[in-house]
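Thank you all for coming. Please have a look at the structure on the screen, and then I will walk you through a few places in it.

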Amino acid sequence: MAGILILNGSPRAPRSNSKRYAALFMNRCKAQCEYQNITRTNHAELCEKMNKVSDVLLVFPLYADGLPVTLLEFLKTLETCPLERKPVISVLINCGFFEHHQNDIAVRMVELFCRQNGYRFGSVLKIASGEAILDTPFCGLVKRKLGQLAAAIVQGKARVLHVSMPLTRGMFVRASTRYWVSYGKKNGVSREQMAAMEIEGA
Amino acid sequence: MKLVLSDRPLPLSDSLDADTRYFDLSSCRIAHCVGCFGCWTKTPGRCVIRDDAVRIYPVIAKSERVLYVSRVKYGGYDSPMKTMLERAIPVQQAFIRVLDGETHHVQRAVEPKRATILAYGTTSDEEREIFRALVARNAKNMNFLSYEIRFVTEDEVEQAAAQEVRAWQAS
């Protein structure tokens with residue numbers, strides 16, 4: 001009845017930034033960790049694993065201002081799954097925006113799930129500019145916070161942590177534009193094409 | 001154009017005019033977004049998954065009035081509506097702008113819209129409060145000029161939806 005089960009609720013879990021965050025978390029965590037992607041078909045298996053750990057860390061991106069539906073559907077299954085002993089649930093969330101507080105609503109959704117279903121909510125780390133921050137000089141800031149999150153979970157503390165790029169909002173917008181232009185270029189798509197106003201069928 | 005997007009069938013066929021489109025998500029085949037960013041960085045404005053969502057997001061973009069009908073779960077849209085809204089990201093660009101002092105994605109040709117959300121199945125004031133906060137944030141990312149949230153019971157959904165559509169026709 002010890003250890004942390006890390007559940008990745010990203011829609012692209014095997015290739016996700018959430019997976020990278022989870023790996024960095026595990027490198028800094030003194031407790032035994034097990035990592036699993038949430039899929040459409042493994043809910044029962046994950047519920048079974050939850051029965052055997054003291055803590056669960058939900059790792060996911062902000063999606064349309066809330067929980068990704070991959071995670072939402074797992075929580076709905078978990079609601080119907082009677083666990084003998086309920087682990088503490090913590091959250092590691094990232095969004096692509098400058099402001100870490102844009103993650104707050106999704107965190108409140110998990111807190112509500114916990115309250116409705118008798119789980120204790122543990123700690124949370126809200127990462128801003130999470131699409132790109134790991135590949136910038138600010139990666140160290142994230143690693144430090146991940147270490148603090150790991151320590152808080154191991155010590156049973158309820159901490160609210162956050163990390164953002166130490167830039168002005170305008171600098172962030174310019175940096176994110178460069179990031180996405182570069183992303184499109186790898187696909188042979190120009191900045192102008194990416195900025196098209198047309199929507200198919202509209 | 002106007003749009004009624006519902007997670008359950010609604011008996012509206014007699015009351016819809018030619019300018020109003022209605023989609024019952026419970027009868028649509030819509031896969032989860034896979035987060036590939038293709039609609040931003042490979043085929044801008046076009047989703048790679050060719051299912052019913054590609055009939056719906058262009059209508060979301062073109063509509064100046066929308067009625068969303070959805071069950072609420074943990075303070076957010078339940079799976080059918082959330083799945084569709086996640087698949088609607090081709091209407092946005094990858095690029096970020098500052099709006100009302102916060103960063104948000106740039107919209108493509110999305111008509112500014114007045115939105116009504118019929119939300120049912122809430123279980124507490126806390127859940128309703130989270131949902132209000134969610135829609136307020138959605139408003140910035142979905143180009144809502146204004147919005148109204150009506151919390152109703154499951155039994156009241158059909159009547160409330162019909163009332164809203166009648167008000168559209170009368171205006």
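I would like to begin with B:Glu126, which is found in helix 4 of chain B, residues 125-141, where a helix is a DSSP run of H or I of at least four residues, a strand is a run of E of at least two, and both are numbered from the N terminus. Please keep in mind that this is a predicted model, in which local features need pLDDT of at least 70 and side-chain atom pairs count only at pLDDT 80 or more, while totals for chains, interfaces and linings use all residues. Residues are numbered from 1 along each chain as its sequence is written, chains are lettered from A and ligands numbered from 1 in the order in which they are written, and side-chain values use heavy atoms, with hydrogens and water left out.

B:Glu126 is partly exposed, because its relative accessible area is 29%; buried means under 20%, exposed over 50%, and partly exposed in between, with a 1.4 Å probe and protein chains only. Leaving aside neighbours within four places in sequence, B:Glu126 is in contact, meaning heavy atoms within 4.5 Å, with A:Leu112 and A:Arg115. The C-alpha atoms of B:Glu126 and B:Val110 are separated by 32 Å, although these are 16 residues apart along the chain.

Let us turn to another residue of chain B. B:Gln92 has its place in strand 5 of chain B, residues 92-99, and it is buried, since its relative accessible area is 9%. Again leaving aside neighbours within four places in sequence, the contacts of B:Gln92 include B:Trp40, B:His105 and B:Asn141.
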